[in-house]
Structure formats: C-alpha cells, structure tokens
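Please give me a short report on this protein model.

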Amino acid sequence: VPLAIAGLVLDATGASLPGVTVDARQIESGFTRSEVTNERGAYRLTALPVGNYVVTVENVPRALSRARP
C-alpha cells in the first residue's frame with residue numbers, strides 16, 4: 001500500500017510559506033519525492049513506498065533562514 005505525507009509549512013508566527021520545496025527521502029533506499037507548497041503552505045507527497053523517511057524543507061525565504069533564536 002503506497003503511503004502519503006502531507007502537512008503545512010509555516011513560519012514562527014504561523015504564516016504560511018508558499019513556494020517552499022519539501023523533500024522526503026526514504027532512509028533505506030534513498031528514494032526521494034519533492035513537492036512545492038501551495039499558496040496556503042500545504043504540501044502532499046503521494047505514492048511513497050513503505051519505509052522510514054527524512055523530510056526536509058528547502059528554498060525558505062532568506063529572512064527566515066537567517067533567523068536566530
């Protein structure tokens with residue numbers, strides 16, 4: 001049965017981040033799937049093989065990527 005990973009990408013204030021790339025990499029095989037968030041910051045990666053995944057976010061706006069706690 002194929003799997004799906006879905007979610008929202010938000011900044012620290014809760015605002016959506018459209019146009020951000022979300023990558024899922026299966027740990028065991030290295031299989032990857034990518035999706036760009038929509039205007040609400042939502043993404044859905046479908047038809048994923050069963051396994052464990054690492055999910056990363058790329059193309060975060062520069063101002064956010066430089067933020068420090």
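The report below goes through the sheet, the nonpolar core and some single residues.

This is a predicted model: local features need pLDDT of at least 70, side-chain atom pairs count only at pLDDT 80 or more, and totals for chains, interfaces and linings use all residues. Residues are numbered from 1 along each chain as its sequence is written, and side-chain values use heavy atoms, with hydrogens and water left out.

**The sheet**

Helices (H or I, at least four residues) and strands (E, at least two) are DSSP runs, numbered from the N terminus. Two strands pair if DSSP finds at least two bridges between them. Three strands form an open sheet here, in the order β3-β2-β5. Their pairing is antiparallel. The edges are β3 (32-36) and β5 (53-58), and each of them pairs on one side only. On average, neighbouring strands of this sheet are turned by 20° against each other, direction ignored. Such angles run from 0 to 180 degrees between N-to-C directions, and the axes are lines fitted to C-alpha atoms, for helices over the stretch in contact.

Strands of a sheet pair through backbone hydrogen bonds, either parallel or antiparallel. Five bridges join β2 (residues 21-26) to β3 in the antiparallel sense. Arg 25 stands opposite Thr 32 in β3.

Gln 26 belongs to strand β2. Its relative accessible area is 6%, so Gln 26 is buried. Buried means under 20% relative accessible area, exposed over 50%, and partly exposed in between (1.4 Å probe, protein chains only). Contact means heavy atoms within 4.5 Å. Leaving out residues up to four places away in sequence, Gln 26 touches Phe 31, Pro 49, Val 50, Gly 51, Asn 52 and Tyr 53.

**The nonpolar core**

A nonpolar core is a set of buried Ala, Val, Leu, Ile, Met, Phe, Trp, Tyr and Cys residues joined through side-chain atoms within 4.5 Å. The largest one has nine residues: Val 9, Leu 17, Val 20, Val 22, Ala 24, Tyr 43, Leu 45, Leu 48 and Tyr 53. β4 gives the most, with three residues.

Val 9 sits in the loop between β1 (3-8) and β2. Beyond four places in sequence, its contacts include Leu 17, Val 20, Val 22 and Tyr 43. Val 9 also touches Gly 41. Val 9 and Thr 21 are twelve residues apart in sequence, and their C-alpha atoms are 9.6 Å apart in space.

**A glycine in a loop**

Gly 41 lies in the loop between β3 and β4. Its contacts, not counting residues up to four places away in sequence, are Gly 7, Leu 8, Val 9, Ser 16, Leu 17 and Pro 18. Gly 41 and Gly 19 are 22 residues apart along the chain, and 7.5 Å separates their C-alpha atoms.

**Accessibility compared**

| Residue | Relative accessible area | Class |
|---|---|---|
| Val 9 | 10% | buried |
| Gly 41 | 0% | buried |
| Ala 47 | 46% | partly exposed |
| Asn 59 | 55% | exposed |

**Positive phi angles**

Most residues other than glycine have a negative phi, and most peptide bonds are trans. Which phi does Ala 47 have? The value is positive, about 55°, although Ala 47 is not a glycine. Ala 47 lies in strand β4. Asn 59 is not a glycine, but has a positive phi of about 65°. Asn 59 is found in the loop between β5 and α1 (62-65).
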